[in-house]
Amino acid sequence: MSFRKKINLGIAASLLAAGATLGTAQVSEAAPATLSCAYGHFCGADGFGHRFDVSQCGVRVPIGLTGPGEFYNHQTPGTWAHWYNADGSLSGGADAGVDSYVDWTHVWYVQAC
């Protein structure tokens, strides 16, 4: 793991510990190394090595990830991926081409588009 990535993970963990939320990803956020993710898919991983890879539009998929991790929305331009809380309310989302960090702890479902 690169020194920059370790620093970014440390900063992200500190923000999460302070109670900050990282809902909607912005392109300006520090980006992780891009996850391996097929074109047309939305992928994510947590710090425990658990992953998801979804591509079917309109279907909420339970993910079972926890803690800080990363995601990559490798879908066609203009396609948003979303993630949802246990009660089904929208928790965050990211436009196609965005790879960033998120706290998966309260995320129960993801939807590719």
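**View 1. Asp-46, a buried residue without a salt bridge.** Asp-46 is buried, yet Asp-46 has no salt bridge, and the nearest side chain of opposite charge, that of Arg-51, is 9.5 Å away. Buried means under 20% relative accessible area, exposed over 50%, and partly exposed in between, with a 1.4 Å probe and protein chains only. A salt bridge is a side-chain nitrogen of Lys or Arg within 4 Å of a carboxyl oxygen of Asp or Glu. For charge, Lys and Arg count as positive and Asp and Glu as negative, while His and the chain ends are not counted. The model is predicted: local features need pLDDT of at least 70, side-chain atom pairs count only at pLDDT 80 or more, and totals for chains, interfaces and linings use all residues. Residues are numbered from 1 along each chain as its sequence is written, and side-chain values use heavy atoms, with hydrogens and water left out.

View 2. Asp-46 lies in strand S1; helices (H or I, at least four residues) and strands (E, at least two) are DSSP runs, numbered from the N terminus. A polar atom of the Asp-46 side chain lies 3.3 Å from the backbone nitrogen of Gly-49. Leaving aside neighbours within four places in sequence, Asp-46 is in contact (heavy atoms within 4.5 Å) with Leu-65, Thr-66, Pro-68, Gly-69 and Trp-104.

**View 3. The whole protein chain.** The protein chain holds one helix and eight strands, and along the sequence the pattern is α-β-β-β-β-β-β-β-β. Of its 113 residues, 37% are buried. Among contacts with a separation of 6 or more, 63% are between residues 24 or more positions apart. The accessible surface comes to about 6000 Å², of which carbon and sulfur atoms account for 58%; such areas come from the Shrake-Rupley method with a 1.4 Å probe, and for residues only the protein chains shown count as cover.

**View 4. The nonpolar cores.** The largest nonpolar core has 15 residues, and those with the most contacts inside it are Phe-42, Phe-52, Ile-63, Phe-71, Trp-83, Trp-104 and Val-110. Strand S2 (51-54) and strand S5 (81-84) each supply at least two residues of this core. Another core, of five residues, lies apart from it and includes Leu-35, Cys-37, Cys-43 and Ala-45. A nonpolar core is a set of buried Ala, Val, Leu, Ile, Met, Phe, Trp, Tyr and Cys residues joined through side-chain atoms within 4.5 Å. In soluble globular proteins, nonpolar side chains tend to be buried together. Beyond its neighbours within four places in sequence, Ile-63 is in contact with Phe-52, Trp-104, Val-107, Trp-108 and Val-110.

View 5. Ser-36 is placed in the loop between helix H1 (3-17) and strand S1 (41-46). Ser-36 counts as exposed because its relative accessibility is 62%. Setting aside neighbours within four places in sequence, Ser-36 is in contact with Cys-43 and Arg-51. Tyr-72 is 36 residues from Ser-36 in sequence, and the two are 8.3 Å apart in space, C-alpha to C-alpha.

View 6. Leu-90 is placed in strand S6 (residues 90-94) and is exposed, with a relative accessible area of 52%. Not counting residues up to four places away in sequence, Leu-90 touches His-82, Trp-83, Tyr-84 and Asn-85. Gly-88 lies in the loop between S5 and S6 and is partly exposed, at a relative accessible area of 24%. From Gly-88 to Trp-108, 20 residues apart along the chain, the C-alpha separation is 8.3 Å.

View 7. The loop between strand S7 (99-103) and strand S8 (109-111) holds His-106. With a relative accessible area of 56%, His-106 is exposed. Residues up to four places away in sequence not being counted, His-106 touches Tyr-84, Asn-85 and Ala-86.

How values were computed
A polar contact is a pair of N or O atoms within 3.5 Å; within protein, one must be able to donate a hydrogen and the other to accept it, and residues adjacent in sequence count only if both atoms are side-chain atoms.
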